[in-house]
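Please look over the sequence and the model before reading on.

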Amino acid sequence: MKKGVIYIIFILALTIGLMLWSFFRSRSFEDAYTGNVDISGDMKGLSTSPLPGFSSRYAVIAENEEINAEDFADSTFAAIMVNNETKECLVAHNVHERIYPASMTKLLTGIVVCDAIEAGEISMDEIIEVGHDIQFDDTLAVQSSLSSGSKISVRNLLTALMLSSYNDYAIILAERIGGSVEGFAKRMNEKARAIGATNTHFTNPHGLDDLDHYTTAYDMYLIVNAAEEYEILQEIDKYKDYTYSYEDGAGNTWEDTATATNHFISEQGTLPSNIEIRAWKTGTTTGAGNCLTMNVLINNKSYTMMVSDKISKDDLYQKYSVLFNMAD
């Protein structure tokens, strides 16, 4: 009899232990992404079940659902347009397929930096000394003239990062906040998961192509909406350009002007008068093509848009003309 009771207790303890292990393992973000990524393949085993509250806050788009995709199917990797007032998806093309995010990555970089500022880990006025020269293997990588020993404020780093997309500024901020690029990327992935962007995985803060660095059009929809909630980023997104200064290693003061890469902001493209841009980020790499995600007001109604274009930058902005014309 005693042996039977002990056996039952053992089985119950083992069952509870396995349940707890499975629960905590499933919540481990690091375990969610292993191995290389097939960027061109469909998301396998994708769950389209919304997180709690998503059905009321965001549009829910089923896997493989294509909506008004005729103008986007052959020329874009992915495209999305959502009416944020009604939560209706007006355009959907490959919205759950993995794509390279390029510098759209920096939206999440900016979010994590703002979280660190709000938590008191750093301040906008803190001066950071660059500890080493920063170089990139990608010849298309945009970077500033800062070098080891240069001193620059967090405010200037973050503003120029979001406007001119300097990749070295992303590294400088990541190392200051995360202790390393890897440490910062872990924060980014944790934040992405908290936002609901569970099909996103970032390995760096700048967005240069990496097989294990990916997102989806739907996740970018979630991320740009999250970015719009930060007052610091709202202010930066209004700038056409931003002039600032920094010191080099010898103590000399230099001036630079960061200019918005978004042609609708810099006025290289034509923005209809009834449209107001609220949040945005561009991106360009070999793997991603030309990308732009934006939150805009059209006739005072909120919309989120993202296009990852295969053809050219001109074609990207032509695709946005198509999106603008689809507004209710």
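Helix axes are lines fitted to C-alpha atoms, for helices over the stretch in contact, and the angles between them run from 0 to 180 degrees between N-to-C directions. Helices (H or I, at least four residues) and strands (E, at least two) are DSSP runs, numbered from the N terminus. The model is a predicted one, in which local features need pLDDT of at least 70 and side-chain atom pairs count only at pLDDT 80 or more, while totals for chains, interfaces and linings use all residues. Residues are numbered from 1 along each chain as its sequence is written, and side-chain values use heavy atoms, with hydrogens and water left out.

**Overall composition**

The protein chain contains ten helices and nine strands. Of its 328 residues, 52% count as buried; buried means under 20% relative accessible area, exposed over 50%, and partly exposed in between (1.4 Å probe, protein chains only). Among contacts (heavy atoms within 4.5 Å) with a separation of 6 or more, 64% are between residues 24 or more positions apart.

**Helices H4 and H5**

The axes of helix H4 (residues 154-164) and H5 come within 9 Å and cross at roughly 135°. This angle makes H4 oblique to H5, since angles under 35 degrees count as roughly parallel, over 145 as roughly antiparallel, 65 to 115 as roughly perpendicular and the rest as oblique. The crossing of H4 past H5 is left-handed, a term used if the near helix is turned anticlockwise from the far one by less than a right angle. In this pairing, Val154, Asn156, Leu157, Leu158, Ala160 and Leu161 of H4 meet Tyr169, Ala170, Ile172 and Leu173 of H5.

**Salt bridges**

Eight salt bridges occur in the structure, each being a side-chain nitrogen of Lys or Arg within 4 Å of a carboxyl oxygen of Asp or Glu. Three of them are listed below.

| Pair | N to O distance |
|---|---|
| Arginine 176 and glutamate 126 | 2.6 Å |
| Arginine 278 and glutamate 228 | 3.3 Å |
| Lysine 319 and aspartate 315 | 2.9 Å |

Arginine 176 and glutamate 126 form a salt bridge that links distant parts of the chain, 50 residues apart: arginine 176 is in helix H5 (residues 167-178), and glutamate 126 is in the loop between helix H3 (105-118) and strand E3 (127-129). Arginine 176 is partly exposed, at 32% relative accessible area, and glutamate 126 is partly exposed at 22%.

The bridge between arginine 278 and glutamate 228 ties together parts that are 50 residues apart in sequence, because arginine 278 lies in strand E7 (residues 275-285) and glutamate 228 in the loop between helix H7 (217-227) and helix H8 (231-236). Arginine 278 is partly exposed at 33% relative accessibility, whereas glutamate 228 is buried at 18%.

Lysine 319 and aspartate 315 both belong to helix H10 (residues 313-324), four residues apart, about one turn of the helix. Both residues of this pair, lysine 319 and aspartate 315, are buried.

**Valine 112**

Valine 112 is in helix H3 and is buried, with a relative accessible area of 5%. Leaving aside residues up to four places away in sequence, valine 112 touches Phe184, Arg187, Met188 and Lys191. The C-alpha atoms of valine 112 and alanine 192 are 9.7 Å apart, although the two residues are separated by 80 residues along the chain.
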